[in-house]
Amino acid sequence: MGQSPDSNDCNDLEMGLPFLQGNAEFGLEHPTPRLWCTRPKKISSKGDLLFSVRAPVGAINRSDQSYCIGRGLAAINVHSSQKALRKFQLLASVESFKKLLTGSTFEAISTDDLKNLLLCIPNEGEIGLITNFLDKKTAQIDEAIAIKEQQIALLKELKQIIIRKAVTQGLDPNVPMKDPGVDWIGEIPEHWRVESNRSLFAESVEPGREGLPLLSVSIHSGVSTEEVSDEDHIRGRVKIQDKTKYVLVKPGDVVFNMMRAWQGGIGAVTSDGMVSPAYIVARPKADILAEFFEYQYRCPEFIQQMDRYSKGITDFRKRLYWDSFKQLQTVVPPKSEQIDIIRYIQEASAAADSGVSLLVSQIEKLKEYKTTLINSAITGKIKVTSDMVEA
């Protein structure tokens with residue numbers, strides 16, 4: 001069992017042994033070589049197990065020839081490849097194995113720990129029963145998990161449909177409709193209007209001040225309600241000491257991230273605070289509630305509008321500036337209806353989110369049960385019989 005030299009010992013100019021990195025495509029019939037190694041120090045032989053000792057720890061393949069292996073791989077010589085392959089696949093799922101993993105950035109297991117593992121391998125008949133039993137039971141569990149994941153996706157889709165319909169068509173199914181002349185919006189209630197943002201908002205550039213929390217805008221959840229932690233602050237960038245360099249925000253404002261608006265990085269402010277100068281603060285100057293605007297502009301059709309108005313030659317460089325934002329078209333119902341729509345969406349969203357949380361909890365329990373079942377079967381805590389396989 002062993003690991004390879006640094007990949008600098010390998011090059012793709014001279015023909016030698018095929019070189020496998022730690023991210024070799026496990027699960028395929030044969031691993032896929034990445035480069036060629038001319039000075040191999042650690043190699044795998046044909047028939048060896050290739051075990052990933054770095055992320056994804058526990059992934060396994062079998063060597064179909066000799067390879068120079070990367071630092072993320074360990075080569076394990078076994079007497080019976082098929083039996084050991086299955087044993088190690090099961091081992092990688094059990095809690096006793098996971099306790100050996102180390103690392104904060106990514107999980108890993110040392111080759112010494114892997115080499116010193118004690119494996120209790122049953123006889124051929126028993127391992128056949130255990131394998132068939134676990135294949136059947138884990139397939140059933142995986143199917144149940146897949147069904148629940150589909151249900152989660154459907155609930156999230158339903159929530160989005162409810163929001164989109166409410167902010168573009170209102171709550172009264174019998175109200176007369178009209179074509180606003182904007183193709184991507186579709187028909188809206190006859191008494192609603194469509195206006196450009198220049199008539200609804202004014203850009204606010206008030207400087208921040210000491211004592212206020214630094215807020216962030218997420219493409220998933222809108223504007224935060226509390227201080228951004230040092231760990232999460234724009235992926236480790238140093239906070240600006242001069243608070244006047246930040247922009248003041250107040251409840252009712254709308255804030256968007258210039259660089260992420262085209263992905264839905266926009267939301268309503270619910271508490272006093274400050275935001276990064278990379279954000280734009282839009283303060284309502286008409287009868288529009290920020291919460292309503294957030295629901296509307298986080299719908300796919302409106303996000304696409306922000307995308308079209310963003311400037312940049314690639315997605316990475318796209319920016320939605322104030323001059324572009326003020327040209328966007330917004331659907332504006334009467335304020336009383338905005339209030340009713342906000343309340344309706346909050347109630348419907350709470351119900352959908354509750355259903356998603358319940359399904360997520362059930363999935364976690366199924367995964368825990370699967371792990372416990374595998375651990376119990378391969379360690380002999382439960383006696384697997386032919387009746388259990390046939391049941």
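Trainee: Which residues of α5 meet which residues of α8?

Mentor: In this predicted model, Glu291, Phe292 and Tyr295 of α5 meet Gln338, Ile341, Ile342, Ile345 and Gln346 of α8, and the residues of this contact divide into 5 nonpolar, 2 polar and 1 charged.

Trainee: Why are α5 and α8 called oblique to each other?

Mentor: Helix α5, residues 290-297, and helix α8, residues 335-378, pack at an angle of about 60°, with their axes 9 Å apart. Angles from 65 to 115 degrees would count as roughly perpendicular and those under 35 degrees as roughly parallel, and α5 and α8 are therefore oblique. As for handedness, α5 passes α8 in a left-handed crossing.

Trainee: What makes the pair of lysine 370 and aspartate 142 a salt bridge?

Mentor: The closest N and O atoms of lysine 370 and aspartate 142 are 2.9 Å apart, and the cut-off for a salt bridge is within 4 Å, so the pair qualifies as a salt bridge. This pair links distant parts of the chain, with lysine 370 in helix α8 and aspartate 142 in helix α4 (residues 124-169), 228 residues apart. The structure holds 10 salt bridges.

Trainee: How do you know where to read the model with caution?

Mentor: The mean pLDDT of the chain is 79, and 74% of its residues reach 70 or more, but over residues 1-15 the pLDDT is below 50, although this stretch has 43 contacts in the model beyond near neighbours in sequence. Where pLDDT is low, the predicted coordinates should not be read in detail.

Technical notes. Residues numbered from 1 in each chain as written. Predicted model: local features only at pLDDT ≥ 70, side-chain atom pairs only at ≥ 80, totals over all residues. Heavy atoms only, no water. Axes fitted to C-alpha atoms, helices over the stretch in contact; angles between N-to-C directions. Helix = DSSP H or I, 4+ residues; strand = E, 2+ residues; numbered from the N terminus. Parallel < 35°, antiparallel > 145°, perpendicular 65-115°, else oblique. Left-handed = near helix turned anticlockwise from the far one by under 90°. Contact = heavy atoms within 4.5 Å. Nonpolar A, V, L, I, M, F, W, Y, C, P; charged D, E, K, R; others polar. pLDDT = per-residue confidence, 0-100. Salt bridge = Lys/Arg side-chain N within 4 Å of Asp/Glu carboxyl O.
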